[in-house]
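This briefing covers one protein chain, shown below with its sequence. Please keep both in view while reading the points that follow.

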Amino acid sequence: MRTEVEGVIDVDEDEVDQELTQLVTFSIGDEEFGVNILQVQEIIRTMEITNVPRAPEFVEGVINLRGKVIPIVDMRRRFGLKSKEHDKYTRIIVIEIEMIIVGFVVDSVSEVLRIPASSVQPPPPVVAGMDSDYIDGVGKLDDRLLILLNLDSLLDNEEKEALGTV
């Protein structure tokens, strides 16, 4: 029960929310991933992607989004999976990494959800090596596991430089 006395709100202890993390969740292959919603500028449907000669292997090409040329990273290739044709569920998640706007192609965007910070565990030691610095943790939701990504860390400095020149 909430009561307000002179501008101060009194909240019962069991009503106090835990610290929540708001995520955009998406799928790549059979796995479900989540990224902090604050990293996401927008989510768009796929559009015509122009190939760029001599671009890094994981770069699918570039798009023109409202007059801005944006490099597009194929998340399947980035994770070492086989590329697949885009379909009606394929989306591009647009983010900014160190002043560079980048689009990440994912198989589908599932939902925006809020999970308690307490349900996020650090990545298991098996995946906590040098090549997985971009994994922030694993979120447990009922019968699902979400791999939480830090998109800022997904690309190393050399790759970020290469994207800046695409």
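The model is predicted. The protein chain contains two helices and 13 strands. Of its 166 residues, 39% count as buried.

**Chain totals**
- The accessible surface of the protein chain is about 10500 Å², and carbon and sulfur atoms account for 48% of that area.
- For contacts between residues at least 6 apart in sequence, 53% join residues at least 24 apart.

**The six-stranded sheet**
- Six strands form an open sheet with mixed pairing, in the order β10-β3-β4-β13-β12-β11.
- The edges are taken by β10 (108-116) and β11 (120-121); each has a single partner strand, so one side of each lacks a neighbour in the sheet.
- Strands β12 (residues 135-141) and β13 (residues 144-149) pair in the antiparallel sense over six bridges.
- Leu 141 stands opposite Arg 144 in β13.

**Two residues of strand β3**
- Ser 27 lies in strand β3, which spans residues 20-28.
- Ser 27 counts as buried because its relative accessibility is 17%, and the cut-off for buried is under 20%.
- Leaving out residues up to four places away in sequence, Ser 27 touches Val 106, Asp 107, Ser 108 and Ser 110.
- Ser 27 and Val 106 are 79 residues apart in sequence, while their C-alpha atoms are 6.4 Å apart in space.
- Thr 25 is also in strand β3, and at 0% relative accessibility Thr 25 counts as buried.
- Beyond its neighbours within four places in sequence, Thr 25 is in contact with Glu 32, Phe 33, Gly 34, Val 109, Ser 110, Glu 111, Leu 113 and Leu 146.

- In soluble globular proteins, nonpolar side chains tend to be buried together.
- The largest nonpolar core here has 24 residues, and those with the most contacts inside it are Phe 26, Val 35, Met 75, Phe 104, Leu 149 and Leu 151.
- Two or more residues of this core come from each of β3, β4 (31-36), β8 (91-97) and β9 (100-106).
- Strand β9 gives the largest share of this core, four residues.
- Met 75 is in contact with Ile 28, Phe 104, Val 105, Val 106, Leu 149, Leu 151 and Leu 154, setting aside its neighbours within four places in sequence.

Methods
Residues are numbered from 1 along each chain as its sequence is written. This is a predicted model: local features need pLDDT of at least 70, side-chain atom pairs count only at pLDDT 80 or more; totals for chains, interfaces and linings use all residues. Side-chain values use heavy atoms; hydrogens and water are left out. Two strands pair if DSSP finds at least two bridges between them. Buried means under 20% relative accessible area, exposed over 50%, partly exposed in between (1.4 Å probe, protein chains only). Contact means heavy atoms within 4.5 Å. Accessible areas come from the Shrake-Rupley method with a 1.4 Å probe; for residues, only the protein chains shown count as cover. A nonpolar core is a set of buried Ala, Val, Leu, Ile, Met, Phe, Trp, Tyr and Cys residues joined through side-chain atoms within 4.5 Å.
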